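Reader: I'd like to learn how to read a fold like this one, feature by feature. Can you walk me through it?

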Amino acid sequence: MIYEQPALWRHTHNPRDPRLTPGGSTGGGAAGVAAGIGHIALGTDIGGSVRYPAYACGVQGLRPSLGRVPNHWGPYNAPSPEPTIGAQLMHVAGPIARTVEDLRLSLSAMSAAGPRDPWSVPAPLEGPPMPLHAALCL
């Protein structure tokens, strides 16, 4: 018997060019954002699973610093069994969006206190105003 996959389970294509990859493990989220299916996608990143799909699909991705977004954020992300120390130190959840403003909004929502995550840091999202400088090395 040959089993045919429903259309929902088929390959994810890059909406900008179907000949190109949509990226790593969050490629579906990045492709969905790029195609306009949603405004924000959530990915988890250890080695580029938010950053590379965002780049590949031409959208914005943000890998927050460790502790910015609690590891137990969201119902899907409660690790069981407890992850190894290496995974705890490298694994973060971050947003993918079409605009930097959407990234800022989503990171603000994701940065709530995380009492179950020992690495969680309740640091403010913005510091005091500082003058901006730019340098160019020729």
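Predicted model: local features only at pLDDT ≥ 70, side-chain atom pairs only at ≥ 80, totals over all residues.

Author: To read a sheet, look at the strand order and the sense of pairing. Here three strands make an open sheet, ordered β1-β3-β2, with antiparallel pairing. The edges are β1 and β2, each of which pairs on one side only.

Reader: How many bridges hold β2 and β3 in their antiparallel pairing?

Author: Two bridges, in the antiparallel sense. For a residue-level view, take Gly61: its bridge partner in β3 is Ile96. Helix α4, residues 100-110, packs on the sheet and touches β1, β2 and β3. The direction of α4 makes about 145° with that of β3.

Reader: OK, next feature. Which residues of helix α1 are buried?

Author: For burial, the number to look at is relative accessible area, and buried means under 20%. In α1, which spans residues 27-35, the buried ones are Gly27, Ala30, Ala31, Gly32, Val33 and Ala34.

Reader: And what covers the buried residues of α1?

Author: The cover includes β1 (40-45), α2 (51-57) and β3 (92-97). Have a look at what follows the helix, too: after α1 comes Gly36, with a positive phi near 85°.

Reader: Let's go to β1. Is Thr44 buried or partly exposed?

Author: Thr44, which sits in strand β1, counts as partly exposed because its relative accessibility is 26%.

Reader: Now the charged side chains. How many salt bridges does the structure hold?

Author: Four. Arg19 counts as exposed because its relative accessible area is 74%, while Asp17 counts as buried because its value is 17%.

Reader: What about Asp45: which residue has its closest N and O atoms 2.9 Å apart in a salt bridge with it?

Author: That's Arg51. Asp45 has a relative accessible area of 0%, so it is buried, whereas Arg51 is partly exposed at 39%.

Asp45 also meets the side chain of Arg63 in a salt bridge, at 3.4 Å from N to O. That pair links distant parts of the chain: Arg63 is in the loop between β2 and α3, Asp45 is in strand β1, and they are 18 residues apart. Arg63 has 29% relative accessibility, so it counts as partly exposed.

Reader: Which residues do the shared partners join into one network?

Author: Asp45, Arg51 and Arg63, through salt bridges that share partners.

Reader: Where in the chain does Leu66 lie, and why does it count as partly exposed?

Author: Leu66 lies in the loop between β2 (60-61) and α3 (85-90). It counts as partly exposed because its relative accessibility is 33%, and patch members need over 30%.

Technical notes: Residues numbered from 1 in each chain as written. Heavy atoms only, no water. Helix = DSSP H or I, 4+ residues; strand = E, 2+ residues; numbered from the N terminus. Buried < 20%, exposed > 50% of the residue type's maximum accessible area, 1.4 Å probe, protein only. Contact = heavy atoms within 4.5 Å. Pairing = 2+ DSSP bridges. Axes fitted to C-alpha atoms, helices over the stretch in contact; angles between N-to-C directions.
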